[in-house]
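This briefing covers the fold, the pocket, the surface and the salt bridges of one protein model.

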Amino acid sequence: MGDGLNLYTYEFRLVEIAKLHKDAADELWLLKNKYNSLLVDFDYLPYESKISLRDKLIFEVDRINRIYPSTDEQGYEKAKEKYKEYCN
């Protein structure tokens, strides 16, 4: 009975971690689009607005990195390869 409970708990934790990574990816996707929009509008924005928007985006990245679990080296390498495929 104990092994079954341990396995159930382990599997539940994996599902929970996967959801957190998906939530982080969703937030990072939105953040990437905000950066792209800033770059598109860059020439038309006053200097102060550029600095303000940049700083807000930096704090958003920091917030996301603090609240979601980190990716291990193996996961990072896999994601990097998939991103390269996506960009090509």
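The points below are grouped by topic.

The model is predicted: local features need pLDDT of at least 70, side-chain atom pairs count only at pLDDT 80 or more, and totals for chains, interfaces and linings use all residues. Residues are numbered from 1 along each chain as its sequence is written, and side-chain values use heavy atoms, with hydrogens and water left out.

**Fold and exposure**

- The protein has 3 helices and 0 strands, in the order α-α-α from the N terminus; helices (H or I, at least four residues) and strands (E, at least two) are DSSP runs, numbered from the N terminus.
- Of the 88 residues, 8% are buried, where buried means under 20% relative accessible area, exposed over 50% and partly exposed in between (1.4 Å probe, protein chains only).
- The protein exposes about 7,700 Å², with 61% supplied by carbon and sulfur atoms; areas come from the Shrake-Rupley method with a 1.4 Å probe, and for residues only the protein chains shown count as cover.

**Largest pocket**

- The volume of the largest pocket is about 860 Å³.
- A pocket is an open set of points on a 1 Å grid over the protein atoms alone, where a 1.4 Å probe fits, with protein on both sides within 12 Å along at least five of seven lines; lining residues have an atom within 4 Å of a point.
- Its lining has 18 residues, and Ala-25, Leu-28, Thr-71, Tyr-76 and Ala-79 lie nearest the centre.
- Helices α1 (2-41), α2 (47-67) and α3 each contribute at least two lining residues.

**Nonpolar surface patch**

- Trp-29, Tyr-83 and Tyr-86 form a nonpolar surface patch with about 410 Å² of accessible area together; patch residues have over 30% relative accessible area and no salt bridge, and nonpolar side chains (Val, Leu, Ile, Met, Phe, Trp, Tyr) are joined within 5 Å.
- Tyr-86 belongs to helix α3 (residues 73-87) and is exposed, at 56% relative accessible area.

**Salt bridges**

- The structure holds 9 salt bridges, each a side-chain nitrogen of Lys or Arg within 4 Å of a carboxyl oxygen of Asp or Glu.
- Arg-54 and Asp-55 are bridged at 2.8 Å, N to O; Arg-54 is partly exposed at 38%, as is Asp-55 at 29%.
- Glu-77 and Lys-80 have their closest N and O atoms 3.6 Å apart in a salt bridge, and the two residues, 3 apart in helix α3, are separated by about one helical turn.
- Lys-84 forms a salt bridge with Glu-81, at 3.8 Å between the closest N and O atoms; both residues lie in helix α3.

Note on methods
Patches are made of residues with over 30% relative accessible area and no salt bridge: like charges are joined within 9 Å, nonpolar side chains (Val, Leu, Ile, Met, Phe, Trp, Tyr) within 5 Å. Grid points are joined across faces, edges and corners, and a volume is the space filled by probe spheres set on the points.
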